[in-house]
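The exercises below are to be worked with the sequence and the 3D view open. Try each task before reading its solution.

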Amino acid sequence: MSDDHSDVEAQQALDQEQAMLDLDQSIAHREQARADGEQAILDQRQDALERELSQTPADELAQRAHILHRQAELLRAQTRRDAHQNQLDENQRGLGGRQDVLDDEQRDIDHPAPRTAARTQAQLLQAARDRQQAARQRAEAALARAEEAQRRAETALSRAESAGPEPTSG
Amino acid sequence: MTSLSDPPDHHFASAGCPGDAEDWHATLDAIPGNVALLDDEGVILAVNAAWRAFAAAEGGTSDLVGANYLSVCDAADAPTATAVAVALRDLIAGDRESFATEYPCHSPIQQRWYLLRARRQWHQGRAQLTVSHENITERHLERQSAQLNAHLLDQADVAVQTVDVHGGILSWNAAAERLFGWTAPEAVGRPVQAVLGEQIAHAVAAAAHAGTWTGDVLLHRLNGAAFPAHVQARLASDLEACTPTVVVTALDISQRVDAARELEQARDRLLRVTDSMGEGMYTLDVDGRVTYMNRAAQELLGWRFDELDGHAMHDITHFRRPSGEPHAAADCPILRAARYGETTRVEDDIFIRADGAELPISYTASPLGSGTGLEGCVVVFEDITERKAQAARLTRRLAELEWLARVHEALEGDLFVLHAQPIIELSSGRVVQRELLIRMRENDGTDRLVPPGLFLPVAEEHGLIGDIDRWVIDRGAELAAGGVSVELNLSARSIGERWLLGHVVDAIARTGADPARMTFEITETALIRDEAEARRFVEHLHKIGCKVVLDDFGAGYSGFKYLKQLPIDSVKIDIEFVRDLVTNTASRNVVEAIVGLAAKFGLDTVAEGVEDAETLQVLTALGVDYAQGYHLGRPAPVAVTPAPGRG
């Protein structure tokens with residue numbers, strides 16, 4: 001009886017941890033969605049600026065300087081965005097690690113043992129299916145994030161390759 | 001009176017003429033000068049064609065053949081003529097072999113000079129004289145000019161030497177003596193290489209080959225001292241000997257070189273000074289184009305000088321005002337200084353750096369000019385970022401002190417008031433609680449309300465927040481004693497103070513309030529600030545029957561652990577997730593996760609900032625327990641019944 005009670009408490013604690021992790025994950029997704037929106041705006045501004053720069057005569061220093069001012073401002077915004085993205089990625093890795101730990105703990109609880117044999121086969125099966133589904137959803141979300149990160153990296157590379165010389169050595 | 005050059009009327013006299021008369025005349029006529037043949041008494045025996053032509057051109061009627069040349073000279077009564085007569089008689093007497101002299105023979109329209117040459121020969125045992133007059137006007141003028149030039153060069157300390165094409169020094173003027181230390185007798189006849197050195201010898205050879213050579217070289221005096229000199233070597237012909245020579249002029253340019261060096265050093269010093277300046281400095285021409293930037297200017301503006309050299313500075317660094325409005329070039333004080341010579345001092349302006357950032361500056365623009373007029377302006381500017389930041393800090397500090405005085409006044413004058421915003425139970429739609437929000441009344445007779453964001457931070461920073469929290473707790477307890485369930489906001493700073501809990505207990509005891517009607521909002525900031533004291537406070541509140549709600553839930557990543565550690569009764573969802581709940585799926589997911597989390601911990605959920613029916617509908621659907629916001633009820637003044645003993 002006491003073993004059953006401790007199992008229930010362990011499962012409750014694990015459920016609480018999972019709920020906290022789910023909340024963290026949902027907040028992280030929301031942050032990422034907002035960051036993606038900011039990145040899209042930055043990309044649009046960068047494209048527009050490059051078009052404008054390509055149409056400006058090379059000897060029009062004042063006009064080019066104004067464009068380069070905006071370019072520098074955009075670069076600073078992009079640097080801040082990249083730093084924020086690194087934070088988000090780091091946080092996401094932390095959340096992934098926490099989820100792995102929780103999955104391990106859940107496996108420990110679910111392993112059939114003499115004292116937990118009271119749980120029916122159907123209950124165990126359902127729990128395993130739920131975990132599989134949750135794991136698949138997390139994997140899909142991770143894949144989507146990885147694809148988005150790759151797209152951002154390609155955009156950054158393209159931007160770096162097409163960037164003109166710095167206005168000054170400072 | 002007939003001058004020596006005036007030839008007598010001519011006709012040929014054959015008496016005493018040597019050889020065949022016809023050949024002899026032909027030979028005599030072929031001589032280009034004016035030639036006459038005299039006997040040993042001075043009688044003119046014959047003249048040549050040039051003599052006759054000259055006599056005709058001068059308007060004479062006779063070539064003087066048969067006249068006595070000595071008598072003509074004697075009669076001329078001129079020193080030159082007298083001297084000639086004496087010399088000719090000496091020739092006839094055999095005292096000398098030849099004689100030559102130059103003399104002027106000016107006409108009314110031209111100055112002329114002639115060279116008289118006389119030579120004695122013997123004919124049939126008797127002396128005869130050949131007298132010739134050659135026009136040397138051109139040569140004489142050239143020689144005069146050369147002498148004048150030599151004199152001027154000598155006066156100007158220009159050493160002049162003539163050197164033959166083999167390198168032997170032919171002449172050496174006084175300036176050369178002074179310059180090189182060699183006297184003329186010492187230098188003349190020596191090889192130029194031995195006196196003036198290898199470089200001048202090469203210069204002479206080059207001039208002999210190409211006609212001229214010019215250059216600055218280092219020469220040496222006789223005493224070995226070296227000096228820089230500007231040297232010209234020019235091929236010329238000796239007027240007398242008609243042999244090619246090279247005229248070498250040398251001018252000591254030590255002073256010029258020294259002056260140039262001093263100028264260069266002065267320029268270097270100026271550059272070093274301007275480059276060591278902490279202030280930025282640049283110069284513009286009258287059109288506002290950059291002509292110079294010191295190092296500080298380049299660093300402060302982020303542009304290198306070579307990038308801006310010749311470009312319009314205003315269009316690149318000064319096109320915007322601090323207000324963000326465009327700064328037209330026509331209104332620029334710097335350009336006015338450059339164009340119209342107006343000196344300007346501006347205390348607060350901005351330059352735009354190369355990276356687009358605004359640089360707060362003060363500057364002075366002063367016109368640059370010389371004897372020829374205005375040449376532009378020089379701008380000296382200073383980065384006033386720190387000065388402006390200090391001024392802003394001072395202004396902020398003064399504002400804080402002003403607010404501090406008003407908070408003191410509000411505490412002493414009972415100017416704080418409480419407003420209450422209803423909290424609705426979504427399942428029933430009932431008002432179950434009211435969040436108390438503090439305001440401050442203006443003490444100017446208007447009773448206008450000051451929002452807490454203006455005075456609470458100042459009160460917290462200057463230690464008055466405890467007094468305000470005591471006031472809030474007292475009024476909250478009085479309301480609770482009157483049967484109103486209230487939710488109180490306390491500052492994070494007070495929650496870490498030990499007196500707070502005692503004051504809550506005293507207020508409840510003094511008013512007889514039901515502790516269950518008093519809920520305290522705790523923020524994550526308060527929990528982090530002093531975790532142990534916050535934990536003690538929360539646990540004790542719970543122990544005496546008060547409730548605790550965790551405010552701004554979801555705003556921080558680390559807030560959730562407190563759910564397991566502290567006896568929290570409910571969580572208030574951060575307003576950021578509620579605000580865009582209807583339009584943002586991600587926010588909806590967060591609220592859903594909070595509701596799920598709260599269920600796992602047995603907590604209630606409260607949503608604040610509900611401003612429309614759609615949001616309320618979503619919150620209800622997601623299972624949120626309570627809500628507050630303008631859509632459900634705005635904060636309104638709440639009447640507090642004073643507890644016994646309160647004035």
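**Exercise 1.** In which loop of chain B is the place of B:Asp414?

Solution. This is a predicted model, in which local features need pLDDT of at least 70 and side-chain atom pairs count only at pLDDT 80 or more, while totals for chains, interfaces and linings use all residues. Residues are numbered from 1 along each chain as its sequence is written, and chains are lettered from A and ligands numbered from 1 in the order in which they are written. B:Asp414 sits in the loop between helix H15 (385–413) and strand E16 (416–425) of chain B. Helices (H or I, at least four residues) and strands (E, at least two) are DSSP runs, numbered from the N terminus.

**Exercise 2.** Describe the phi of B:Asp414 and of B:Asp447, and state whether B:Asp414 and B:Asp447 are buried or exposed.

Solution. Step 1: most residues other than glycine have a negative phi. Step 2: B:Asp414, although not a glycine, has a positive phi of about 55°. B:Asp447 also has a positive phi, near 60°, and lies in the loop between strand E17 (431–441) and strand E18 (449–450) of chain B. Step 3: a residue is buried if 20 or more other C-beta atoms lie within 10 Å of its own, exposed if 12 or fewer, and partly exposed in between, with C-beta atoms placed from the backbone. B:Asp414 has 10 C-beta neighbours inside 10 Å and therefore counts as exposed. B:Asp447 is exposed because 10 other C-beta atoms are within 10 Å.

**Exercise 3.** Describe how helix H17 (residues 465–481) and helix H19 (residues 498–511) of chain B pack.

Solution. Step 1: the helices pack at an angle of about 30°, with axes 9 Å apart. Axes are lines fitted to C-alpha atoms, for helices over the stretch in contact, and angles run from 0 to 180 degrees between N-to-C directions. Step 2: H17(B) and H19(B) are therefore roughly parallel to each other (an angle under 35 degrees). Step 3: the residues that make the contact include B:Ile473 and B:Ala477 of H17(B), and B:Val504 and B:Ile508 of H19(B). Two residues are in contact if their C-beta atoms, placed from the backbone, lie within 7 Å. Step 4: by class, the contact of H17(B) with H19(B) has seven nonpolar, two polar and four charged residues. Ala, Val, Leu, Ile, Met, Phe, Trp, Tyr, Cys and Pro count as nonpolar, Asp, Glu, Lys and Arg as charged, and the others, Gly among them, as polar.

**Exercise 4.** How many residues has the largest nonpolar core, and which element gives its largest share?

Solution. Step 1: a nonpolar core is a set of buried Ala, Val, Leu, Ile, Met, Phe, Trp, Tyr and Cys residues joined through C-beta atoms within 7 Å. Step 2: the largest one has 79 residues, and B:Ile573 and B:Val591 are among those with the most contacts inside it. Step 3: H17(B) gives the largest share of this core, eight residues. Step 4: a second, separate core has 32 residues, including B:Trp51 and B:Tyr69.

**Exercise 5.** Compare the make-up of the chains and describe where chain A touches chain B.

Solution. Step 1: chain A has three helices and zero strands, whereas chain B has 25 helices and 25 strands. Step 2: 16% of the 170 residues of chain A count as buried; for the 647 residues of chain B the value is 34%. Step 3: 23 residues of chain A are in contact with 26 residues of chain B. On the side of chain A that touches chain B, H1(A) gives the largest share, twelve residues.

Technical notes:
Angles under 35 degrees count as roughly parallel, over 145 as roughly antiparallel, 65 to 115 as roughly perpendicular and the rest as oblique.
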